[in-house]
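Open the model in your viewer and keep the selection tool at hand. This tour moves stop by stop, saying what to select and what is there.

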Amino acid sequence: MKKFISVLLCASCFSFASMIAPDAIGEEQIAGGSAAMAGRGFAGNAKTGDIEGVSVVNPARQAFDTKVVLNLNFLLGVSTVTRSNVDFTKTSISMPSMNLSFPMGDFGTIGVSLWQHYASSIREDVEDENENWFAEIEYQSSIYELVPTYAIRLPFFRAVSLGASAHFVMGSFNRNLTLGPDNSGIDSADVWATNNTNLSDHVNGDWEIKNHSAYYTFAVQYRGRMASYFFSFTTPYTLSNELNYNFRFSETDTLAPTRYTREIKVPAMLATGVNYRLNKRHNVMVDVAWRAWDRDIENASGSWNMAQVTKTQNDFNVSIGYQRDGSDVFYESYWDRMAYRAGLWYKNWYVEDVSEIGGSIGVGFPLGRRGTMLDLAIQGGVRLTDDDHNWNESFIGIRLGLVGVGSWGKTRGQ
Amino acid sequence: MNKKKFILFPLLAFLLSSCLFDTDDEGLSNWLSDQGMPSNYKVQTVTVSDLKPVSAEVLQNTDPVDAWGQGFFGASFGMTHDIVFDFALDSAFLARAKSADSSRAILFLYLVDSYYKSKSLPSNVLPVRDDLKLNVSWVISDKLSDSEYEDLEDLSDSVWLQELKSWKTKKSADTTISVSIGKKDTLLLTLELPKALSNDVRKYSGNRRLQLRLSTPEASHVFRVYGPGSVQYFPRFRLVALKNDTTYNYVSYIPTRAASISKNQEKCSDCIVLHGGAYDSLIVEFPSKPILNALSDFYGDEFPYTKGDSNDVRQAVVMAQMTFYRDDSKGESELGLPIQVLAGSFLDSADEVVCRRENYKLDKPRILESGHPNMVFYEGDSVSLQVTAGMRDFINKASDGRSFKMMMRLGLPVLLDKDTVFYSRIDESSGDTVRVTFPHFDYARYDFTSIKNKSANLKLWLASKRGEKKKQKIVVKSESKSSVATDNARGEK
């Protein structure tokens, strides 16, 4: 387990690719960021099956699972930010989530997810002697959530399940802006004093929920013969980020930091979705999630001319997706046993005047007889902005999901 | 299908995309600018003139210092230096000495060759010809058991050094010894100790401990000698037992430990005098107000910073240099070389105030033109000392009402006064060692009394993260209320 957490933390050192609002809370990884969900445009929280696993938006869904599912997700992303014909590109690798669900028959299904909900990760440098530029910017902010879930089908209405999850928030914010000297304003006889004196404006601190240990999601799921629906409600909460502001001359040579705690009120989220099975293995699905932000987000800021707030807007995500399930008959052709996915989404970010349009295709490769899968999704899209700080982005990404399946507690005949 | 391909394809795509898209410096610079962040920090300088210290005092450390490797004795400008040896005398030889007709005690000391034979030693130092008036005092312990005798070697040196502070002479005797140290002379000092010492030693039997102290307050020189830790040139205390003036035998005792003890002999109580080699520290304290007022005038902000936890991180001190007036005419040195002044500052470390030595950054153009700025016994009438770490700490924590305190100490003599590398090194072409400083202290005397009357100048190189002055509104949207605050509500952190 220690090794696994180490790998997870290492992977998380390189996180999401977006450069929008890194000083606020960064990019949101919707729907847990799983490769299977991404392949169908982040739709399908209402889709039930034997091995659908944990949904952080709809904890009720897992009640219909019949097998133990371990799901690990990886994201390789490239994004290009552009403004006025000037652009630059950054790449990233991250692990948005890992999930484990454990069906217990009539006793319901328990699960747990480790979800990197919001993150910003930037590590770029600029050096130009002619322009006298030297700057290294590093953002490493990650709001993790440890999400235990529980779902159970109702005793007499077996088509209906109820689920709940608690989101325990953790993580840290780290911003380091290292700058070289600009001696243009001082006498040439004084320049010697600034040799090898790069300074770092350093901010770091931890994330937690104010006054509570967790926030919660409650969901209800209906599984019909052809159509399945869900509805979920996520409670509002206040993120607390205690920050230390400092000037660093080296790792060990720093000032006494000044402390400030910023608080971010995250509104309640309503989510719903439908999955319609066209025939035996073809599914179309639509998901909607919505939050009404009523307060701006206080940035880490604290220096230079940085904006003190990120203005917010009502954020919502509309996803539409298609999935052709793979055959579970091992003796059919490999192509027939593969799952095929496609989807589109439109997302209004929590950041004012930022919207995202994306599309994706994905496949699920069965590995062996037990239902173990390797999910692959390729996504791309644009993030459009219209403010002074954020730039337009185009992004492509590859997501990989490993799905391990077990049938614990069942005999061979079951 | 081959599983490896599943991994390979996306990785190839990722690497390909990484190669195709390269980060553009202009793009990132513009992005930083749009985030309100700069691509460099603007250096600004502030000079605080006419700084008068609120106090200046010399702290003298006259504690005994360990002379295990090297020790010293003699006299220098305003100081005298004694040397003390600790011997363990065994019962067998004392019994023989007791039965002898007479005895002699001789102390062999070896002069430190890296000083006396150094190519860098100024020619005016040698030869040293002196009739050394030597005062020898000693303490002989009670009889020791065999185990106590063996334990003498295991005594903690630090405990012994503490005990030496309260040295109480039991017996002493004076003698005069001719000393001659020339360039070609042997480096052995043979000190024929007074008869009173050898006769006294002969009175005792059993295992004994002998502590021997040499004082030469009228010496013209400070003698650098090897201590008992030297592999070859350790001191030897030879006790000779003579029978009928014809037969003799002797034993040579090597001290188990040694220490040098310095004493200040300055007459002027109001003078601020630093002594080289003696760990004298000059502590100068400056008031906070002139420095903070100058910063307030420069930035237009309030100093000290008192918001929140009052730790000021609005700016960083890139460099701080304090310049004092100096007058070398009142100082005296052994070697006649410039001497570097070491600087330290008092700053917070792990919840306590410590005095930390400051780094020295080289102003190469200035050094090439007029030598290092932090030397005394040199051309010019000022000494400039860098106090960057201390000034950072002071401005950072000035809200607690602290003043700025710095420390000065005489360092090593400087051989290459215009060297811009400033550390000893091997010359690649000749293979010779290039020494920037002479490897031994000069037991010099430097009078810094002018610090009390002549004001100092402080120059600061600063980096600030203050943004452009503009009002920015924070609008808090709420169903029932809305509030507006200016950008000064939180200020720079």
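## Stop 1: a loop in chain B

Select Ser310(B), which sits in the loop of chain B between α8 and β17. The model is predicted, so read each stop as a feature of a prediction. Check the backbone at Ser310(B): phi is near 70°, a positive value in a residue that is not glycine.

Select Phe303(B) with Pro304(B): the peptide bond joining them is cis, with omega about 0°.

## Stop 2: another cis bond

Go to Leu126(B) and Pro127(B). A cis peptide bond links them, and omega is about 0°. Pro127(B) belongs to the loop between α4 (113–116) and β7 (128–140) of chain B.

## Stop 3: the whole of chain B

Zoom out and colour chain B by secondary structure. Expect 10 helices and 28 strands. Of its 493 residues, 37% count as buried. Now consider contacts between residues at least 6 apart in sequence: in chain B, 83% of them join residues at least 24 apart.

## Stop 4: two domains

Colour by domain. Domain 1 of chain B takes in 44–60 + 280–464, and domain 2 covers 65–264. Their C-alpha centres are 40 Å apart. How many residues of each domain are in contact with the other? On the domain 1 side there are 14, and on the domain 2 side 13. The domain 1 side of chain B that touches domain 2 consists of 7 nonpolar, 3 polar and 4 charged residues.

## Stop 5: Asn249(B)

Select Asn249(B), in strand β13 (residues 247–253) of chain B. Asn249(B) counts as partly exposed because it has 13 C-beta neighbours inside 10 Å; exposed would require 12 or fewer. Show its contacts. Beyond neighbours within four places in sequence, Asn249(B) is in contact with Arg96(B) and Ala241(B). Then draw a distance to Leu239(B), 10 residues away along the chain: the two C-alpha atoms are 8.6 Å apart.

## Stop 6: a sheet across two chains

Show both chains as cartoons. Which strands make up the open sheet, and in what order? There are 5, running β7(A)-β1(B)-β26(B)-β17(B)-β21(B), with mixed pairing. The edges are β7 of chain A and β21 (382–386) of chain B; each has a single partner strand, so one side of each has no neighbour in the sheet.

Follow the pairings:

- β1(B) and β26(B) run antiparallel over 7 bridges.
- Within that pair, select Thr47(B): its bridge partner in β26(B) is Lys459(B).

Next, go to the link between chains. Strand β7 (residues 181–182) of chain A pairs with β1(B) in the parallel sense over 2 bridges. Select Pro181(A): its bridge partner in β1(B) is Tyr41(B).

Remain on β1 of chain B and move to Asp50(B), which is part of that strand. Phi of Asp50(B) is near 55°, a positive value in a residue other than glycine. Asp50(B) is exposed because it has 10 C-beta neighbours inside 10 Å, and the exposed class takes in 12 or fewer.

## Stop 7: the chain A side of chain B

Finish at the interface. Select the 63 residues of chain B that are in contact with 67 residues of chain A. Several elements give two or more residues to this side of chain B, among them α1 (3–20), β1 (41–51), α9 (364–370) and β27 (474–476). Which element gives the largest share? That is α2(B), with 9 residues. Colour this side of chain B by residue type: 23 are nonpolar, 18 polar and 22 charged.

Definitions and conventions: Residues are numbered from 1 along each chain as its sequence is written. Chains are lettered from A and ligands numbered from 1 in the order in which they are written. This is a predicted model: local features need pLDDT of at least 70, side-chain atom pairs count only at pLDDT 80 or more; totals for chains, interfaces and linings use all residues. Helices (H or I, at least four residues) and strands (E, at least two) are DSSP runs, numbered from the N terminus. A residue is buried if 20 or more other C-beta atoms lie within 10 Å of its own, exposed if 12 or fewer, and partly exposed in between; C-beta atoms are placed from the backbone. Two residues are in contact if their C-beta atoms, placed from the backbone, lie within 7 Å. Ala, Val, Leu, Ile, Met, Phe, Trp, Tyr, Cys and Pro count as nonpolar, Asp, Glu, Lys and Arg as charged, and the others, Gly among them, as polar. Two strands pair if DSSP finds at least two bridges between them. Domain bounds come from an automatic or database domain assignment.
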